[in-house]
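Hi,

Here is the structure I promised to pass on.

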Amino acid sequence: MRYAQGGGLTAERRHFRERIRYEAGERFTRGERTAVIAKDLRVSERSVERWRRAWREGGMDALASAGPPKLPKLSDGQFAELEQELAVGPAVHGWEDQRWTLARIRVLIARKFRLDCSSAAVWRLLHRHGWSWQCPARRALERDEQAVGLWKKDVWPQAE
């Protein structure tokens, strides 16, 4: 299950859900019915049935949380190092222009930390730490306001 802002459940929320499953497990041993357990614990009957099946096959240990679905490849310390490398710019790392792309960051991670990850994994890593797509801090010096105004007046209405 995926959640907004690049995360899964927090550790506290996983622990809370685990306690609910353990409570259901204790009620399984007492022979209570699925519908009653679901109503009391405020979960679906289908979830209770799934937990009951796991409990039958593996006991109470089968109801334990499996932890986060996937741990990040870079630790917080390594990500701090990566941020320092990103701050010095792509030119220092051998690229001609000053644009960081996912592919370039992926190469930088491979060089610096000897980790191979996909562009999607790089995006999730950056997003998890509050990074977003590039947005210029100011307008380009080369921008021709008169040409932009003419384009908006003449070309844009035809394109719509």
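This is a predicted model: local features need pLDDT of at least 70, side-chain atom pairs count only at pLDDT 80 or more; totals for chains, interfaces and linings use all residues.

**Salt bridges**

Asp97 forms a salt bridge with Arg99, with 2.7 Å between the closest N and O atoms; by salt bridge I mean a side-chain nitrogen of Lys or Arg within 4 Å of a carboxyl oxygen of Asp or Glu. Asp97 is partly exposed at 27% relative accessible area, and Arg99 is partly exposed too, at 42%. For these labels, buried is under 20% relative accessible area, exposed is over 50%, and partly exposed lies in between (1.4 Å probe, protein chains only).

Residues are numbered from 1 along each chain as its sequence is written, and side-chain values use heavy atoms, with hydrogens and water left out.

The structure holds 9 salt bridges. Another one joins Arg143 and Glu145, whose closest N and O atoms are 2.8 Å apart; Arg143 is partly exposed at 34% relative accessibility, and Glu145 is partly exposed at 44%. Arg30 and Glu32 also pair, at 3.2 Å from N to O, and Arg30 is exposed, with a relative accessible area of 53%. That pair belongs to a network of salt bridges linking Arg27, Arg30, Glu32 and Asp40.

**The fold overall**

The protein chain has 8 helices and 0 strands. Helices here are DSSP runs (H or I, at least four residues), strands are E runs of at least two, and numbering starts at the N terminus. Of the 160 residues, 22% count as buried. The chain exposes about 11900 Å², with carbon and sulfur atoms supplying 52% of that (Shrake-Rupley method, 1.4 Å probe; for residues, only the protein chains shown count as cover).

**Helix H1**

Buried residues in H1 are Arg14, Glu18, Ile20, Arg21, Ala24, Gly25, Arg27 and Phe28. Their cover includes helix H2 (34–41) and helix H3 (45–58). Just after H1, Gly31 takes a positive phi of about 80°.

Leaving out residues up to four places away in sequence, Glu18 touches Leu63, Ala64 and Ser65, where contact means heavy atoms within 4.5 Å.

**Nonpolar cores**

The largest nonpolar core has 12 residues, including Leu74, Phe79, Ile105, Phe113, Cys117 and Leu126. A nonpolar core is a set of buried Ala, Val, Leu, Ile, Met, Phe, Trp, Tyr and Cys residues joined through side-chain atoms within 4.5 Å. Helices H4 (76–88), H5 (102–113) and H6 (119–128) each give two or more residues to this core, and H5 gives the most, with 4. Beyond its neighbours within four places in sequence, Ile105 is in contact with Leu86, Trp100, Val122 and Leu126. Apart from this core lies another, of 10 residues, among them Ala24, Phe28, Ala38 and Trp55.

Cheers
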